[in-house]
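The sequence and structure come first.

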Amino acid sequence: MSLFGDEQLTPWQQEPFEQIAKQYAQEQLPHSILMLGEEGVGRDDFAVFVAQWMLCGASEKQVGACGQCKSCQLFKAGSHPDYHYLDVEDGKTQISVAQVRELIEHMQESSHQAGWKVANITNVHALNASSFNALLKTLEEPQPNTLLILQAEQLQGVPATIKSRAQLRKVGVTDSAMTRQWLEQRHDFISREMETGIQLFPTAPYKVESFVEEGEAFKSGEFIYDYADIVQGKQTPMDIAERWQSELENCVFWCQLMFHDVLYIQQGAGEDDVQLKAQFGATATIADAISPKGVMLLLTKIIELQRLIKLKSPANLMASWQSFLIYSSQIAIKYKNIAS
């Protein structure tokens with residue numbers, strides 16, 4: 001999403017923005033907002049949009065920042081002294097207490113632009129116990145003209161002390177019809193790849209776009225056909241592991257979708273019934289090669305791979321990925337589908 005008025009807010013972002021703008025106009029804006037939205041709805045872009053709008057120095061507030069004033073120029077350059085963006089540092093899995101303490105120091109300073117100060121914490125769930133406790137005093141005793149934006153994908157797991165001290169603002173798509181309409185407006189048509197994306201991510205429009213534009217639809221097909229070769233003994237697991245190493249995280253996701261389609265096919269589903277329609281031939285081959293019991297065992301391995309991805313453990317992940325593909329070739333023999 002553009003931060004400088006090149007694009008309007010998406011339909012699902014307009015209502016929460018109007019609520020925030022109304023509270024600002026009535027001088028009833030809370031000091032903390034818990035911004036809730038799943039991946040793929042532009043939640044972080046929206047949080048940044050709100051932050052820049054709050055800091056904009058234009059004499060009259062509009063829908064979005066002016067993009068021309070000194071404050072907007074500083075924001076665009078990534079050097080606004082009154083805006084603080086907090087995310088997990090590279091190579092880490094959590095937001096550290098040192099990061100939070102530095103943020104608190106900045107928020108306690110006087111505004112450099114004689115206006116508001118805004119902090120944007122991208123993922124509440126990345127706060128550990130120490131970093132959350134350090135933040136708690138700021139939530140309980142906020143400074144004047146400060147806004148703390150706390151982001152989360154889901155409400156579950158958000159500490160009760162945050163829920164009670166921050167005002168909830170949901171940023172989300174209600175159904176696939178809204179996703180489809182938005183995509184049609186942006187692209188003038190819905191391609192077969194988009195149809196697949198909408199099936200996979202019905203309430204995450206940006207994920208659908210990414211699935212198509214970054215070639216995931218095509219690459220997922222290539223990978224699934226390679227995987228079908230493994231279970232048929234046409235390619236070696238180690239060759240496939242090396243070929244797809246750079247796409248490992250995506251491959252794990254594609255495997256999960258693929259196995260669910262395989263199970264549907266084994267229950268009699270046709271091409272119109274599965275999620276990955278373009279890969280039906282390969283998934284049907286896999287369904288013929290491995291019994292449902294074998295597929296369920298492979299799904300448990302996928303869950304383990306997903307756990308390692310979340311832990312950001314690259315060495316263990318690559319070894320487990322290779323092991324998974326070797327296991328796939330073995331299980332195709334041990335749990336051969338008798339119906340085939």
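## The largest pocket

The largest pocket holds about 1,800 Å³ of space. A pocket is an open set of points on a 1 Å grid over the protein atoms alone, with protein on both sides within 12 Å along at least five of seven lines; lining residues have an atom within 4 Å of a point. Grid points are joined across faces, edges and corners, and a volume is the space filled by probe spheres set on the points.

This is a predicted model: local features need pLDDT of at least 70, side-chain atom pairs count only at pLDDT 80 or more, and totals for chains, interfaces and linings use all residues. Residues are numbered from 1 along each chain as its sequence is written, and side-chain values use heavy atoms, with hydrogens and water left out.

## Its lining

The lining of the largest pocket has 42 residues, and Glu39, Glu153, Glu249, Ile309 and Lys310 lie nearest the centre. Elements that give two or more residues to this lining include helix 2 (43–55), strand 4 (146–152) and helix 12 (248–266). Helices (H or I, at least four residues) and strands (E, at least two) are DSSP runs, numbered from the N terminus.

By class, the lining of the largest pocket has 14 nonpolar, 16 polar and 12 charged residues. Ala, Val, Leu, Ile, Met, Phe, Trp, Tyr, Cys and Pro count as nonpolar, Asp, Glu, Lys and Arg as charged, and the others, Gly among them, as polar.

## The cavity

The whole structure has 1 cavity of 30 Å³ or more; a cavity is a set of points where a 1.4 Å probe fits but cannot get out. The largest cavity has about 80 Å³ of space. Strand 4 gives the most to its lining, with 3 residues. The lining of the largest cavity has 5 nonpolar, 5 polar and no charged residues.
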